[in-house]
Amino acid sequence: MLSEIVNRRSIRAYLPRLVSRADIETVLRAGALAPSSKNRQPWRFTVTLGAKKEESLAAMARGLEEEARRPLLPESARHLGGAIQTLAVMKQAPALIFVTNPMGRDPRQALNADERISELCNAQSLGACLENMALQATALGLGSLWICDIYFAYDALREWIGGQGALAAAMALGYASEAPPPRPRKPLEQLVEWRE
């Protein structure tokens with residue numbers, strides 16, 4: 001098994017050390033090499049550094065405030081505190097990468113069966129892209145955090161990015177200032193059903 005798979009961790013504390021553009025491009029290239037349904041490659045990347053990163057954080061903060069007032073995700077309100085903690089992690093990371101799906105639809109939009117299948121296939125493709133990015137970051141000695149809490153600030157971040165399609169995820173990238181232990185995993189015996 002690849003050591004990057006075994007050693008990858010979700011990093012929530014970063015050193016104040018910049019990541020080189022070459023390393024960021026290597027991480028992005030790994031994401032772009034992921035398999036995708038029908039070779040759609042449903043990803044676009046917005047890399048934020050320095051002042052532009054600060055702008056993205058301000059958009060995230062505005063979105064979280066709006067979510068507290070008028071929730072897009074009312075059934076997930078108990079997780080809003082976690083999204084606020086994620087914003088603090090994002091502030092520490094020297095680089096943030098926002099991943100959008102140019103073919104994606106607004107999550108509030110009703111979908112017909114074909115559109116729903118397309119969205120599911122693209123979601124799987126985006127998952128492969130983000131996993132490739134996280135594994136490549138590990139191979140480069142970088143820490144990363146795959147962020148889904150951006151959905152609590154969906155409209156504000158999507159407006160800030162200004163792109164077409166749907167905001168899929170974000171990834172924090174930097175040099176880790178922590179070394180968390182592996183999280184427990186279920187044994188294969190609980191996960192696999194053999195049919196012979």
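User: Is phenylalanine 98 buried or exposed?

Analyst: This is a predicted model, in which local features need pLDDT of at least 70, side-chain atom pairs count only at pLDDT 80 or more, and totals for chains, interfaces and linings use all residues. Residues are numbered from 1 along each chain as its sequence is written, and side-chain values use heavy atoms, with hydrogens and water left out. Buried means under 20% relative accessible area, exposed over 50%, and partly exposed in between (1.4 Å probe, protein chains only). Because its relative accessibility is 0%, phenylalanine 98 is buried.

User: How many aromatic pairs does the structure hold?

Analyst: Rings of Phe, Tyr and Trp (its six-membered ring) pair if their centres lie within 6.5 Å; planes under 30 degrees apart are stacked, over 60 edge-to-face, and the rest tilted. By this criterion, the number of aromatic pairs is two.

User: Of what kind is the pair of phenylalanine 98 and tryptophan 160?

Analyst: The ring centres of phenylalanine 98 and tryptophan 160 are 6.3 Å apart. Their planes meet at 55°, so the pair is tilted.

User: Which kind of aromatic pair do tyrosine 151 and tyrosine 154 form?

Analyst: Tyrosine 154 is buried, at 2% relative accessible area, whereas tyrosine 151 is partly exposed at 29%. With 6.2 Å centre to centre and 10° between the planes, their pair is stacked.
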